[in-house]
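Please keep the sequence and the coordinates at hand while reading.

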Amino acid sequence: MKEYRSSIRSKKMIRSAMIELLAEKDISKITVVDIIGKADLSRNTFYAHYQDIYAVLEELEDDFLLEMNRCLDEAVHNREFFDPLPLLRKFQHFVEDSVETNRLLLANQNAAAFCEKIKRVFIKRVMENLPTTGVKDREGFLIFLECVAGGFVSLYQKSLNKESTLTLDEITSEISQIYTWGLKKYM
């Protein structure tokens, strides 16, 4: 049990070091030596948990997607896909709770691929949970979802990076209204 706790502690230290380093420099300039130096761990400890620095980043991204899916699972359970504001507020609060980490995940060199994953998960989950027999124009609705998801992710990125005067609260409200309009149009 002691070894397990030590292993968990080491992973947390590596992840924390990665987040700190992402705040300081681009991921392409981060090395395993940087991480183990900041975490005060050995190279062997790092490699016992991760293949490389990108595996650490991927695990951080996977945790983000896991929490996003938890919000989506709750939305499915509460049938919130027709009134998306509660779902979007949950997601907003999740992003705000770890705002610095999430800003770094959405702003690093590999963020485009991660943002694409976020969009794909959202679109897939909406399509799985809306009654597709009620969709009047499936292709149009998919284009609409692509625009909403892309806009949502892009606006959150800009807000987190302080490239926009819009707050996450304002973005969430607007996206909810746009999504609701689209449901009326396509359902």
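Two residues are said here to be in contact, or to touch, when they have heavy atoms within 4.5 Å of each other. The model is a predicted one, and every value below was computed from it.

**Overall architecture**

The protein has 9 helices and 0 strands, so that reading from the N terminus gives the order α-α-α-α-α-α-α-α-α, with the elements defined as DSSP runs. Along the principal axes, the C-alpha atoms occupy a box of roughly 60 × 40 × 25 Å.

**The nonpolar core**

The largest nonpolar core holds 59 residues, and the members that touch the most other members are M18, I35, F64, F122, F141 and Y179. Two or more residues of this core come from each of helix 1 (2–24), helix 2 (32–39), helix 4 (53–77), helix 5 (85–97), helix 6 (99–107), helix 7 (111–129), helix 8 (138–160) and helix 9 (168–186). The largest share is that of helix 4, with 10 residues. For Y179, leaving aside residues up to four places away in sequence, the contacts are F81, P84, F122, V126, L130, F144, L145 and V148.

Helix 4 is also the place of E61, and this residue is buried, with a relative accessible area of 7%. Which residues does E61 touch, not counting those up to four places away in sequence? The contacts of E61 under that condition are L105, F114 and K117.

**Cysteines**

A disulfide is a covalent bond between the sulfur atoms of two cysteines. The structure holds 0 disulfides. For C71, the closest cysteine sulfur is that of C115, and because the two sulfurs are 17 Å apart, they are too far from each other for a bond. C115 is likewise in no disulfide, since the nearest cysteine sulfur, in C147, lies 16 Å away, whereas a disulfide requires a pair of cysteine sulfur atoms within 2.5 Å. Both residues are shielded from the probe in the sense used here: C71 is buried, at a relative accessible area of 1%, and C115 also counts as buried, at 7%.

**Loop residues with positive phi**

D40 has a positive phi, near 55 degrees, and is found in the loop between helix 2 and helix 3 (43–49). K162 has a positive phi as well, near 60 degrees, and lies in the loop between helix 8 and helix 9. Are these side chains buried or exposed? D40 counts as exposed, and K162 counts as exposed too, as the table sets out.

| Residue | Phi | Relative accessibility |
|---|---|---|
| D40 | near 55 degrees | 68% |
| K162 | near 60 degrees | 74% |

Key. Residues numbered from 1 in each chain as written. Predicted model: local features only at pLDDT ≥ 70, side-chain atom pairs only at ≥ 80, totals over all residues. Heavy atoms only, no water. Helix = DSSP H or I, 4+ residues; strand = E, 2+ residues; numbered from the N terminus. Buried < 20%, exposed > 50% of the residue type's maximum accessible area, 1.4 Å probe, protein only. Core = buried A, V, L, I, M, F, W, Y, C linked by side-chain atoms within 4.5 Å.
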